[in-house]
Amino acid sequence: MLCGKSLLQVDQRNTAFTFLDREPPTLVSCPKDVHLVSDTKYTTVILPEVRFTDNDKVERVAASMHNGSEVTWGTYDVKFTASDPSGNTAVCAFKLRILCK
């Protein structure tokens with residue numbers, strides 16, 4: 001202090017740091033194509049586990065088909081899309097084939 005005044009000046013503005021996340025989620029497990037044989041027209045599907053991880057967090061996983069869905073014979077494109085809070089995405093995609101016995 002010099003004559004009652006501080007020599008140190010402090011910036012009173014609030015400073016915020018923003019973390020810019022450009023890294024998409026990482027695919028931990030994604031099945032290869034799934035083949036089922038069914039003797040009934042409609043089959044209740046139980047899909048293999050799909051897992052993602054992220055450097056921040058996986059905020060949402062959207063799926064084009066869910067466990068318990070009933071589908072008939074045919075080939076289906078199944079897609080899981082994971083997103084993090086920054087909007088980065090990763091995709092797991094595979095085919096589900098249900099054949100008539």
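**View 1. The side chains of Thr43 and Ser38 meet in a polar contact of 2.9 Å.** This is a predicted model, and here we zoom in on Thr43, a residue of strand β3 (residues 42-44). Is Thr43 buried or exposed? With a relative accessibility of 13%, Thr43 counts as buried, because the cut-off for buried is under 20%. Leaving aside residues up to four places away in sequence, the residues touched by Thr43 are Ser38, Ser69, Glu70, Val71 and Ile98.

**View 2. Phe80 and Phe94 form the one aromatic pair found in a search of the whole structure.** How are the two rings arranged? Their centres sit 6.4 Å apart and their planes meet at 15°, so Phe80 and Phe94 are a stacked pair. Phe80 belongs to strand β7 (residues 74-83) and Phe94 to strand β8 (residues 89-100), so the pair ties together parts of the chain that are 14 residues apart in sequence. Both of these phenylalanines, Phe80 and Phe94, are buried.

**View 3. Stepping back, the chain has eight strands and zero helices.** How much of the chain is buried? Of its 101 residues, 24% count as buried. Take the contacts between residues at least 6 apart in sequence: 62% of them join residues at least 24 apart.

**View 4. The surface of the chain exposes about 7700 Å².**

How values were computed
Residues numbered from 1 in each chain as written. Predicted model: local features only at pLDDT ≥ 70, side-chain atom pairs only at ≥ 80, totals over all residues. Heavy atoms only, no water. Phe/Tyr/Trp six-rings, centres within 6.5 Å; stacked < 30°, edge-to-face > 60°. Helix = DSSP H or I, 4+ residues; strand = E, 2+ residues; numbered from the N terminus. Buried < 20%, exposed > 50% of the residue type's maximum accessible area, 1.4 Å probe, protein only. Polar contact = N/O pair within 3.5 Å; in protein donor to acceptor, adjacent residues only side chain to side chain. Contact = heavy atoms within 4.5 Å. Areas by Shrake-Rupley, 256 points an atom, 1.4 Å probe, with all protein chains shown as cover.
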